[in-house]
Amino acid sequence: MQKSFHLGIISTQLLKLVGNEVRQPGDIASKLSEQGYRLTPQRIMILSAIENSNDHISAEEIYIQVVAKYPHVNISTVYRTLELLKELGLVTETNFGEGRVRYHPADKGHHHHLVCQECGAIIDLDESVLSSLKSALLREYKFSADLRHLAIFGRCVNCSK
C-alpha cells in the first residue's frame, strides 16, 4: 500500500509539472515500483509516452515528447530507461528496417508485422499464422523460438503488381 501511495504522490507532482495531457502511469510503472526501481519524473514521462502511444514508438519520438515538457532530460536517459524496460521484459523492441528500433508495451499482447520493403507499409499479422513455424522449429531443429514480436520483410500486394 505504501508503494501505491508513493506512486500517487509522484503522479500528482508530475501532472502539475507537465499538465493534464499526461495520464497517470500504468502497468509498467507499477511493475517497476514493485521491483524497487525509482519512479523519477523523467522515467514516468518516458513510461507515459510508451503507454499512451497508439503505435510502436522510437527512442527519438519519446525524447521529443518528454523534452517538450521537461527540457532538462537527456536522450541518454531515454535510452537507459528503454534498455532497463527491455531487460525486465516490460517492453518489446522491433526493428522495422527504418534505421531505428521501436518499442511497445509487452503487456499489450504479442503481435507480428509484415513490412513492405518498397513502400514501407506495415501490416499486422495474427500470431496464429506463426504457430506452425514455431512447432516446425522445435520438431526439426530442437529450437524453442521466441516469436512474441516479429517483423517479416517483403513486398505488399500493391508493390508486387
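Colleague: Let's start with Cys159: buried or exposed?
Modeller: Cys159 is buried, at a relative accessible area of 14%. Buried means under 20% relative accessible area, exposed over 50%, and partly exposed in between, using a 1.4 Å probe and protein chains only.
Colleague: How far is the sulfur of Cys159 from the closest cysteine sulfur?
Modeller: That one sits in Cys156, 3.7 Å away, too far for a bond. A disulfide needs a pair of cysteine sulfur atoms within 2.5 Å.
Colleague: How many disulfides does the structure hold, then?
Modeller: 0. Cys116 is in no disulfide either, with the nearest cysteine sulfur, in Cys119, 3.7 Å away.
Colleague: Before we go on, what am I looking at?
Modeller: It's a predicted model, where local features need pLDDT of at least 70 and side-chain atom pairs count only at pLDDT 80 or more, while totals for chains, interfaces and linings use all residues. Residues are numbered from 1 along each chain as its sequence is written, and side-chain values use heavy atoms, leaving out hydrogens and water.
Colleague: New topic: how many residues are in the largest nonpolar core?
Modeller: 23, with Ile50, Ile62 and Leu85 having the most contacts inside it. Such a core is a set of buried Ala, Val, Leu, Ile, Met, Phe, Trp, Tyr and Cys residues joined through side-chain atoms within 4.5 Å.
Colleague: What does Leu85 touch?
Modeller: Not counting residues up to four places away in sequence, Leu85 touches Ile28, Leu32, Leu47, Ile50, Leu90 and Val91. Touching, or contact, means heavy atoms within 4.5 Å.
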